[in-house]
Amino acid sequence: MRKCFLYSRVSSDAQISGDGLVRQEDKLKQYLLQNAERLNLSTIDYEILVDSGISGWKGSNMGDTAALGQLFMRVESDEIDDSVLIVESLDRFSRENPFRVAGYISKLAEHGIDIIDVENNLVIGPSNPWSSTISSIIANRAHEESTLKSKRIKAAWDSRRKKAKESGQYMIKNTPFWIDVLDDKYVVNANASIVREIFDLYLQGYGSFTIAKKMNEVGKIIRDKRWSTPKICALLRNPRCNGDFISNSLERNYEKGTSSSTEHVIKGLYPKIVTDDEFTLVLNRLDGNHKNRRVRNDRKVTILNGLLKCSICGEALTVRAAGAYRYVGCLKTIEKGGCYSKPIRYDALEKIVVNHIRNMDLGQVYESNDSQEVITKERVKTLMSHIEEYKNGITQLRERGKKPSFDMLTELQNSEDELELLKKTLEQLSLSKIDLSEFAVSTELFDITQIALRTRLERTISSLLNKIKLYHTKDLSFSLIEMIYVNDVVKHVLVADKKGVVTGDVVIRMNGESTTYESRSVKIIKDEGGVFSLDCNISEVVLNDYLFLMNIVDFVDSEAKEFLDSHLNAVLKQEG
C-alpha cells in the first residue's frame with residue numbers, strides 16, 4: 001500500500017478564520033477511505049500537511065518553512081519515493097506559472113510520486129498519460145485567475161493612491177490609534193493629545209523609559225495596554241505622526257514569476273501631530289542617543305555625555321558621584337589601568353565649557369554661506385535623482401539576465417560618494433545658523449531641574465563639538481581643556497586654574513595642510529611643508545601672550561614650541 005500525504009492550503013486570513021482548512025481535510029480523508037482499495041492507498045500510513053495563510057500564486061508554499069516546501073526536501077532526499085500526494089484541487093498545490101507547476105509535477109514523477117486532484121477525480125502521473133495535458137489546463141486556468149485578481153487589486157490600490165494625493169481621501173480604515181475616518185477624510189481623535197505629550201516629553205529631554213513610566217502612572221494608556229520603552233520608541237519613529245502615509249506596491253513579471261517592490265509616500269495625508277523639524281530632531285536624537293542620557297528623577301545632571309576624553313591615554317572620561325559632588329575621571333584610572341589622570345569636579349568643568357560656548361563668536365568657527373548652501377542642496381537633489389535612475393536601470397538589466405557595465409557601476413559608486421560628501425558639507429553649513437542667544441542671557445543653565453533648557457543646551461553642545469579632551473598636571477595646578485569642533489577645522493584650548501577660572505585660551509585653526517596657532521597678540525603659521533612663520537607684528541606682541549602660547553602649544557605640537565623658543569629673544573628685546 002502506498003503512503004499518502006493529504007495537503008491543504010488557504011492563502012488569506014478570512015479563509016483561516018473560516019472552515020476552509022477543516023473542509024479540505026475532511027474531503028481528503030473521505031476520498032482516501034473511499035478509494036484506498038482501488039488505488040492501492042494506505043489508510044493507516046498517511047500524513048496531513050497544512051499551509052495556513054500562504055500564497056500558492058507567489059510560490060510561498062514552496063519555501064523552506066512551508067509544509068509543501070519541506071515535503072519537496074524529503075522528495076530530494078529519496079525519503080518518500082512511490083508515495084501519493086492528495087489535494088482538493090491542483091490550484092491548492094500551486095497557482096504559479098504553468099511551466100513551473102509542470103516542473104514540480106515532473107520532479108515528483110521522477111520519484112514515482114503521483115498527485116491526486118480530488119475535485120476532478122484525476123491522478124496526475126506517468127501512469128495516466130492524459131493527465132499531463134489536463135493538469136496543464138487546470139494550472140493555466142488557476143494562474144490566470146490569480147493574475148487577473150492581482151491586477152485588479154493593484155489597479156484599485158493605484159486608484160486609491162491617486163485620490164488620496166489629489167483630494168486627501170482616506171486610503172484604508174485601519175488607522176493608528178489617534179486617527180479616525182470622518183466623511184472619507186482622516187481626522188485626529190482625543191488620543192492625539194497623548195501622542196503630542198509623548199513627543200513633548202522626549203523633546204524636553206526625557207528618555208523613553210521615563211516617558212513610559214510617567215504615562216502609565218497617570219493612566220494615559222491606549223486600549224488598556226501599558227506603555228513600554230519599545231512602544232514609545234516605535235511611536236516616536238512612526239512617520240504617521242508627521243502626517244505621512246506609506247504603502248508599498250508590487251510590480252510583477254508574470255512570465256518570469258518575479259516581482260519588485262515600490263514604496264509610495266503620500267505626505268500630509270494624515271493630520272500632523274508634530275512639525276517636520278520636530279520629527280527630524282526626534283529621529284536624529286534616537287539615532288544618536290549615545291550622546292544624550294536619560295533624565296532621571298526629574299533632573300538633568302550632566303550635559304557633556306559622550307564628549308569627554310582623556311588627553312593622557314585617550315580613554316573616555318566618565319562622570320561619577322562621590323558624596324555631594326560629581327567628578328570626571330578616566331576609565332583607565334578607575335579600572336586601575338595605569339593612567340595617572342586625577343578626577344576633577346564635573347560642575348567646574350561644565351561651567352568652563354558652557355561659559356565658553358555661550359560667549360563665543362560662531363563666526364570665528366564657522367563661516368556662513370547661504371548661496372553655497374542653495375547650490376549644494378540643488379546638487380544633492382540632482383545626484384539623488386541621478387542615482388535613482390542608475391539603480392533602476394541596473395535592476396532592469398539584471399531582471400533581463402544582463403550584467404550592468406563596469407562604467408555604469410563606477411558612475412553609480414562615484415555619485416554615491418559625492419552625495420555623501422555633499423551631505424556632510426550641508427551639515428557643516430547648517431552649523432553656522434546655530435542660535436546661542438538663549439544661552440547667552442539665561443541664568444538657569446546650571447540648574448539641574450531645568451530639564452528642557454539643559455537638554456537644548458546639551459544638543460547645541462553636541463552639534464558644535466566632536467569631543468572635549470582634558471589634561472591636567474599631577475598637582476592639579478592647572479588644566480587644559482581642548483575643545484574640538486565637529487568640522488575638525490578649529491580647536492580651542494582653554495587653560496583653567498585650580499578654582500576653575502579660565503586664565504587664557506589658544507585657537508588652533510587648520511586650513512588645508514597649514515595650521516595656525518593664535519593667542520591674543522601672537523599668531524604663528526605652520527605651512528604645508530612644516531615651515532613656521534610669525535603672522536603678527538613683533539612690535540605689538542605682549543610678552544605674557546607669547547610665553548603663554550609657547551607653554552600651551554608644547555602640549556599639542558612640540559615643533560611649534562621650538563619655533564617660539566627660537567624667537568623669544570627678539571620678543572624680550574622688544575619688551576625691554
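This is a predicted model: local features need pLDDT of at least 70, side-chain atom pairs count only at pLDDT 80 or more; totals for chains, interfaces and linings use all residues.
Let me begin with the disulfides: taking a disulfide as a pair of cysteine sulfur atoms within 2.5 Å, the count comes to zero.

Residues are numbered from 1 along each chain as its sequence is written, and side-chain values use heavy atoms, with hydrogens and water left out.

Now the overall picture. The protein has 19 helices and 20 strands, where helices (H or I, at least four residues) and strands (E, at least two) are DSSP runs numbered from the N terminus. Of its 576 residues, 42% are buried. If contact means heavy atoms within 4.5 Å, then among contacts between residues at least 6 apart in sequence, 56% join residues at least 24 apart.

Let me turn to helix H12, which covers residues 346-358. Its 13 residues should span 18 Å at 1.5 Å a residue, and the end C-alpha atoms are 18 Å apart, so the two values agree; the expected span here is 1.5 Å times one less than the number of residues. Buried residues in H12 include Tyr-346, Leu-349, Glu-350 and His-356.

Two of these, Tyr-346 and Glu-350, are also in contact with Thr-302, as are Val-319, Arg-454 and Glu-458, once neighbours within four places in sequence are left aside. Thr-302 itself is found in the loop between helix H10 (276-287) and strand S10 (308-310), and with a relative accessible area of 10% it is buried.

Next, the aromatic rings. Rings of Phe, Tyr and Trp (its six-membered ring) pair if their centres lie within 6.5 Å, and planes under 30 degrees apart count as stacked, over 60 as edge-to-face and the rest as tilted; by this rule there are nine aromatic pairs. In one of them, the rings of Phe-72 and Tyr-104 have centres 5.9 Å apart and planes at 65 degrees, so the pair is edge-to-face. Because Phe-72 lies in helix H3 (residues 67-76) and Tyr-104 in helix H5 (residues 98-110), this pair ties together parts that are 32 residues apart in sequence. Both Phe-72 and Tyr-104 are buried.

Another edge-to-face pair is formed by Phe-177 and Trp-178, at 5.1 Å centre to centre and 85 degrees between the planes. Phe-177 counts as buried at 15% relative accessibility, and Trp-178 counts as buried at 1%. Returning to Phe-72 and Tyr-104, these two form one aromatic cluster with Phe-93.

Another is Asn-121, whose phi is near 50 degrees and whose place is in the loop between strand S4 (114-117) and strand S5 (122-124).

Methods: Buried means under 20% relative accessible area, exposed over 50%, partly exposed in between (1.4 Å probe, protein chains only).
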